Amino acid sequence: MLLQSILDQYQSGVQIAAIQLQDVDPPEAVAAAFKDVTNAKEDREKLINQSQSYRNDILPKAKGEAAQVVNQAKGYAQARLNRAQERPTGSSLRSKNTTKPKTSSASDSILKRWKRFCPISTR
């Protein structure tokens with residue numbers, strides 16, 4: 001600060017803590033511009049505060065909704081997996097229906113030999 005440096009040169013021992021100007025009147029030529037600058041600064045601060053308030057209101061809501069959608073999707077996926085695991089597939093149904101228990105009886109042996117000699121089915 002200029003004033004403090006002058007006082008230090010004179011070794012006055014005075015320390016300036018703050019300077020407050022009272023009744024400052026800018027010249028008439030710049031008064032309107034000065035007022036416009038002051039109003040613009042106030043408007044800027046007001047808009048910043050409003051936008052931060054809006055962000056603080058909207059952001060947690062949006063994060064909550066997003067988490068809810070993700071959880072619903074995970075639940076839906078898990079339910080589909082569970083249903084798919086419970087339901088037998090078409091190939092396993094066919095294999096279950098076409099497999100016959102293996103028995104080794106005399107009639108099976110005769111039937112096998114008969115089919116070998118008579119290629120025409122007797123169904």
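This is a predicted model: local features need pLDDT of at least 70, side-chain atom pairs count only at pLDDT 80 or more; totals for chains, interfaces and linings use all residues.
Residues are numbered from 1 along each chain as its sequence is written, and side-chain values use heavy atoms, with hydrogens and water left out. Local features need pLDDT of at least 70 and side-chain atom pairs count only at pLDDT 80 or more, whereas totals for chains, interfaces and linings use all residues.

**View 1. Overview of the chain, with four helices and zero strands.** Helices (H or I, at least four residues) and strands (E, at least two) are DSSP runs, numbered from the N terminus. Along the sequence the pattern reads α-α-α-α. Of the 123 residues, 2% count as buried; here buried means under 20% relative accessible area, exposed over 50%, and partly exposed in between (1.4 Å probe, protein chains only). The chain exposes about 12,000 Å², of which carbon and sulfur atoms supply 57%. Accessible areas come from the Shrake-Rupley method with a 1.4 Å probe, and for residues only the protein chains shown count as cover. Mean pLDDT, the predictor's confidence in each residue from 0 to 100, is 81, and 71% of the residues reach 70 or more. Confidence is highest in α2, at a mean of 92, and lowest in α3 (residues 90-98), at 54.

View 2. Gln 4 counts as buried, at 10% relative accessibility. Its side chain makes a polar contact with the side chain of Asp 8 at 2.8 Å, and also reaches the backbone oxygen of Val 14 at 3.1 Å. A polar contact is a pair of N or O atoms within 3.5 Å; within protein, one must be able to donate a hydrogen and the other to accept it, and residues adjacent in sequence count only if both atoms are side-chain atoms. Leaving aside residues up to four places away in sequence, Gln 4 touches Val 14, Gln 15 and Ile 16 (contact: heavy atoms within 4.5 Å).

View 3. Phi of Gln 11 is near 50°, a positive value in a residue other than glycine. Most residues other than glycine have a negative phi. Gln 11 is exposed, at 72% relative accessibility.

**View 4. A nonpolar surface patch formed by Met 1, Leu 3, Ile 19, Leu 21 and Val 24.** Together these residues have about 550 Å² of accessible area. Val 24 lies in the loop between α1 and α2 and is exposed, with a relative accessible area of 54%.

Note on methods. Patches are made of residues with over 30% relative accessible area and no salt bridge: like charges are joined within 9 Å, nonpolar side chains (Val, Leu, Ile, Met, Phe, Trp, Tyr) within 5 Å. A salt bridge is a side-chain nitrogen of Lys or Arg within 4 Å of a carboxyl oxygen of Asp or Glu.
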